[in-house]
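I opened this model to look up how its parts touch one another. My entries follow.

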Amino acid sequence: MTDVTADGVSGTSSITTLDPAIAARRLARRRAAEWRFQAYGIAAILFGLFFVALLFAVIGAKGWTALLQTQLTLPVTFEKSVIDPNGTSNHDDIMAADYTSLASAALYKRLGISPDDAAATALADGLISTGSDVELRKVVLDDPSVIGTTRTVTLLAHGNVDALLKGTIDRAVPEDSRQIKDQQIAWIDRLTAGGSLAKTFNWGLFTRGASSQPETAGLGVAVIGSLYMMLTVLAIAVPLGVAAAIYLEEFAPRNRWTDLIEVNISNLAAVPSIVFGLLGLAILINLVGLPRSASLVGGLVLALMTLPTVIIAARAAITAVPPSIRQAALGVGASKMQSIFHHVLPLAMPGILTGTIIGLAKALGETAPLLMIGMVAFVVDYPRSPLDPATALPVQIYMWSNAQERGFVERTSGATLVLLVFLIAMNVIAVILRRRFERKW
Amino acid sequence: MVAFSDTAVVNGTGAKSLNGHTELPTGKVVAVDCNVYYGDKQALKNVTVGISERSVTAFIGPSGCGKSTFLRCINRMNDTIVGCRVEGKITLDGEDIYEPKLDVVQLRARVGMVFQKANPFPKSIFDNVAYGPRIHGLAASKSGLEEIVITSLKKAGLWDEVKDRLKEAGTGLSGGQQQRLCIARAIAVGPEVILMDEPCSALDPIATARIEELIDELRKNYTIVIVTHSMQQAARVSQRTAFFHLGNLVEQGDTQQIFMSPRDKRTQDYITGRIG
Amino acid sequence: MSNQSLFAVVLALGVCAYVVASYRARSLAAGKPFTLHSRLHYYGAFAALWTVLPALLTIAVWAMAEPMVLRGVMHSHLPAEVLAKSAPERVMIDGTIGSLADGLARLAPDEVEQALAAKTPLVGLLATKGVAMGAEPAAFQIAAAQDLNRATAYSRFGVTALALLLAICGMVVSILRVNRGLRARNAVERIVLAGLISASTVAILTTVGIVLSMLFETLHFFSQVSARDFFLGTVWDPRFSAAGSTSATAGQFGLVPLLWGTAYISAVALAVAVPVGLMAAIYMSEYASKGVRSVVKPVLELLAGIPTIVYGLFALISFGPFLRDLGSSIGVSVSASSVLTAGFVMGIMLIPFVSSLSDDVINAVPQVLRDGSLGLGATRSETIKQVVLPAALPGVIGAVLLAASRAIGETMIVVLAAGIAANMTVNPLQPVTTITVKIVSQLTGDLEFNSPQTLVAFALGLTLFFITLVLNIYALSVVRRFREHYE
């Protein structure tokens with residue numbers, strides 16, 4: 001290609017007429033820039049992956065020990081004189097009996113200390129959890145025939161014992177700055193060697209309710225509360241969301257009103273979740289007067305929050321069904337409503353389902369709105385209905401994270417692990433469903 | 001430049017090895033036994049052809065016959081398609097374009113392309129044309145760059161229409177003007193070969209006529225290969241024509257000869273409208 | 001009748017209506033089903049819907065309104081000094097009256113008369129019926145309780161009568177309308193359409209609800225603290241004032257330090273998330289092989305599904321202390337809840353968000369533009385930097401704005417990882433606090449509902465809502481225009 005310009009200063013107009021040295025240098029620079037650019041991309045991806053891994057590693061490392069709990073196995077004598085002094089099998093007597101003394105007695109016997117040695121008994125009492133009286137009472141209530149007999153019972157050890165065996169309390173620290181004393185350590189080692197003290201799988205983490213002691217605290221109430229809330233979200237957000245999506249996709253005329261609705265929905269999907277909490281507080285609790293801490297209220301707030309997500313997912317699923325299906329249905333004489341409910345909706349179901357599961361997963365992890373409506377209550381017993389006070393998994397994590405006792409740090413991370421497992425399971429199910437039912441039209 | 005001998009008609013079904021050819025084609029761009037696969041599907045079978053310098057060669061044939069695929073092999077645009085495999089040898093001025101030492105970036109500066117639908121960048125008209133020279137470092141100074149842009153626009157016959165609106169967006173032009181802008185953009189890099197993939201298929205007859213005039217001007221200085229589904233356009237514009245059918249290069253030769261007295265029955269069927 | 005049993009009765013009536021109407025339709029068809037306009041079940045549905053829907057609507061509306069009305073009745077008996085008490089005390093008094101009413105209801109009317117006439121203590125009497133009272137109720141409480149019981153009885157009677165009346169009328173009229181000319185399917189479908197439309201308006205109702213609910217409390221707040229002090233104030237110090245406080249001990253509610261903290265932390269978060277998310281999206285859509293994409297994409301989606309409290313916890317127990325210790329090892333004082341801690345962790349949370357939005361935007365740029373650039377001999381990176389990204393720019397800006405909106409509204413990460421004191425510092429190693437942190441802290445203390453300390457939370461919430469509203473609407477319109485341009 002001949003140069004049009006005779007002036008060599010202004011450059012050449014073809015790559016073949018460039019000075020080869022300059023051309024080669026320039027090419028090398030461009031290739032280097034290309035390589036660098038790709039490297040940035042890979043670095044960015046690795047950065048993201050690294051932090052996923054780090055997050056899981058940190059939480060896993062701090063939390064997996066919550067799945068184990070130290071327990072004492074002792075033969076306990078269920079003294080009739082303590083439990084049922086009047087011999088009348090009076091329910092109130094049985095409820096009010098001093099079971100802690102029975103547990104202590106069993107422990108003193110095993111350790112070989114005299115009940116009169118005040119200093120020793122005080123130390124020994126520090127080995128048993130304060131919740132042991134409830135455990136013993138349950139044994140008696142379940143089977144009153146144990147009164148007067150000696151049975152081998154498994155009791156929760158004190159939180160400090162658990163912390164020691166898990167390494168959270170450092171033996172090397174001088175005795176005065178430790179919560180566990182040397183004598184107690186000696187006993188603990190003896191009991192462990194003898195098999196009376198051992199770490200077992202902590203079912204209590206999943207069955208117990210709130211407690212001020214870490215060893216008796218569990219997620220049971222939180223799980224049930226979250227379950228009620230998810231059911232409420234499912235019952236409210238899904239029908240409403242699908243109905244709205246059907247209307248907006250199939251029936252709505254393109255006018256200002258429907259434009260407004262669409263802008264609203266897109267905006268609501270991006271509104272900070274705490275604002276929904278304020279809405280729930282102002283209207284559901286103050287105006288309508290629903291009970292604070294009820295999972296129904298939490299469910300309603302979360303349903304309002306999940307609604308835009310469901311609408312958007314349902315709309316996408318309905319739009320993906322090709323018009324030929326609708327036209328075929330209309331062609332055989334179905335009404336528009338029939339073509340939608342009998343043909344389009346079933347085909348859009350997988351997409352709607354996937355969107356719902358993802359929306360539920362988001363709702364499960366929400367904390368801020370629930371804090372606003374007061375689900376931070378200290379609830380010990382399972383809620384029997386959605387109107388009873390309850391709490392939710394992420395809120396329980398938040399509450400435990402504020403607690404000071406050492407044992408709660410482990411529980412916080414352990415609860416987080418449980419939450420993450422639930423969420424990963426839900427997301428995996430959503431992905432599998434999406435892959436299985438995905439149709440390429 | 002000696003053109004390919006008109007007596008060689010490649011048999012579409014036989015697999016000729018490199019050594020089996022009686023005469024190798026010659027030209028600015030030469031392909032020998034080119035096979036292209038998309039995954040398992042074979043799109044081009046043993047295409048052997050020579051493109052003469054400073055003339056217009058037209059590729060014709062029914063849809064899906066592989067002419068665009070072959071065009072895209074010449075500037076290695078098929079590299080961007082995942083799963084596309086090219087076998088055989090294609091040379092530019094005797095150099096194998098698939099040789100590892102050859103940087104594809106420089107190949108594409110020597111072999112330019114104009115696409116079916118005009119695709120100006122969302123930049124100003126000036127920046128559209130200046131993009132190529134900037135990247136390849138063709139201009140030593142700002143004034144040099146301006147000269148390249150002005151020259152290219154003049155050569156593409158667009159200068160008079162846009163000279164006072166160089167800063168406006170390229171996408172604001174009409175369809176025909178956009179395509180001429182794309183031609184100017186391709187010329188600005190100073191290619192030796194210009195590949196055109198159905199450049200007029202989205203344009204009205206008047207704009208088409210202008211572009212055909214332009215092609216006639218450009219062939220004085222560039223080697224042009226044009227893919228077209230319009231036989232009339234091929235007859236008007238090209239000096240040599242190659243007919244593709246179902247992935248085979250059925251016949252090639254002087255345009256007059258192909259249209260007046262085709263040697264292969266398939267070519268005749270296509271020209272008379274019985275197939276395609 | 002209680003709401004649950006009323007609901008059940010209405011539903012039962014609906015089922016009856018369905019059965020009777022279907023039967024009537026079938027007999028009208030007399031064995032030739034094509035003489036009717038619609039299929040049989042539509043006639044049944046028509047009758048059932050007209051029976052059930054008006055009644056259910058009445059029950060639902062009254063269920064929302066009844067507590068308010070009854071509370072009003074109760075409060076009409078309360079003397080002025082009781083009404084002036086604080087919210088928790090009033091809740092307790094309401095509860096007492098409620099228990100009292102419950103107990104009185106368990107006694108026979110003449111027992112009550114006798115007790116009141118003889119001035120015998122009601123506490124003991126009520127205890128025998130299983131209602132525990134802390135102290136002997138005052139006269140106004142007894143009057144209120146009795147009135148409450150009366151009002152409740154009227155209310156229940158009224159709603160039961162109305163609902164049953166509507167249900168039965170609906171049933172009768174709709175069954176009578178079943179004849180050959182009735183286009184049952186059309187009627188039913190009209191009702192279904194009305195239902196679909198009302199579902200769609202829930203979105204608008206929610207927005208209206210959000211604005212109104214916070215607006216009232218905000219106006220209430222502004223009646224106690226001037227709007228100017230709030231929006232322009234630079235000191236945040238909402239001391240919980242004791243009862244009868246003077247303005248000297250009242251708190252200061254300046255928004256500016258909170259805005260500063262929110263903006264600062266969000267800026268740090270975006271500085272982390274945007275480059276990383278954008279580059280990751282570019283690599284995945286332009287360079288990555290199918291295999292890599294199929295692995296990395298789900299993992300990034302996993303990051304997106306992690307609840308924000310987990311990030312907050314991570315910052316609290318790991319990242320914050322790490323930065324603090326790192327700082328002290330090089331002699332720099334770094335707070336464990338610094339801007340850097342909260343901002344960085346929030347940035348990590350936003351990476352998948354930015355990445356997926358950018359991915360959508362980059363894929364919307366048509367392939368022909370890339371081909372045009374590659375055809376001129378540009379490298380992939382030059383094509384991306386000089387053609388694709390400029391073309392995608394409006395979309396990317398939209399994505400960044402949406403990410404900013406997310407960052408501004410984020411609560412749990414900052415509650416756990418950011419500071420509490422409203423600092424206006426430029427030093428990223430110091431703690432600052434945000435609007436969302438303050439909303440949480442003002443509402444999770446002791447609730448004295450009408451004090452400025454609690455009401456300010458609503459003012460903050462409304463401010464937050466409007467900021468994110470503006471960002472969202474602008475961002476969404478930018479992205480929409482961008483998409484329309486390329487489609």
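Entry 1, chain contact. I looked up the contact of chain A with chain C, and it takes 69 residues from chain A and 67 residues from chain C; two residues are in contact if their C-beta atoms, placed from the backbone, lie within 7 Å. Helix H1 (residues 20–63) of chain A gives the largest share of the chain A side, 19 residues. Helices here are DSSP runs (H or I, at least four residues), numbered from the N terminus. I sorted the chain A side by class and got 51 nonpolar, 15 polar and 3 charged residues. Ala, Val, Leu, Ile, Met, Phe, Trp, Tyr, Cys and Pro count as nonpolar, Asp, Glu, Lys and Arg as charged, and the others, Gly among them, as polar.

The model is predicted: local features need pLDDT of at least 70, side-chain atom pairs count only at pLDDT 80 or more, and totals for chains, interfaces and linings use all residues. Residues are numbered from 1 along each chain as its sequence is written, with chains lettered from A and ligands numbered from 1 in the order in which they are written.

For chain A I found domain 1 (68–210) and domain 2 (220–437), with bounds from an automatic or database domain assignment. Their centres, taken over C-alpha atoms, are 44 Å apart. In the contact, 10 residues of domain 1 of chain A meet 13 residues of domain 2 of chain A. On the domain 1 side, helix H7 (159–165) and helix H9 (204–207) of chain A each give two or more residues. That side has 4 nonpolar, 4 polar and 2 charged residues.
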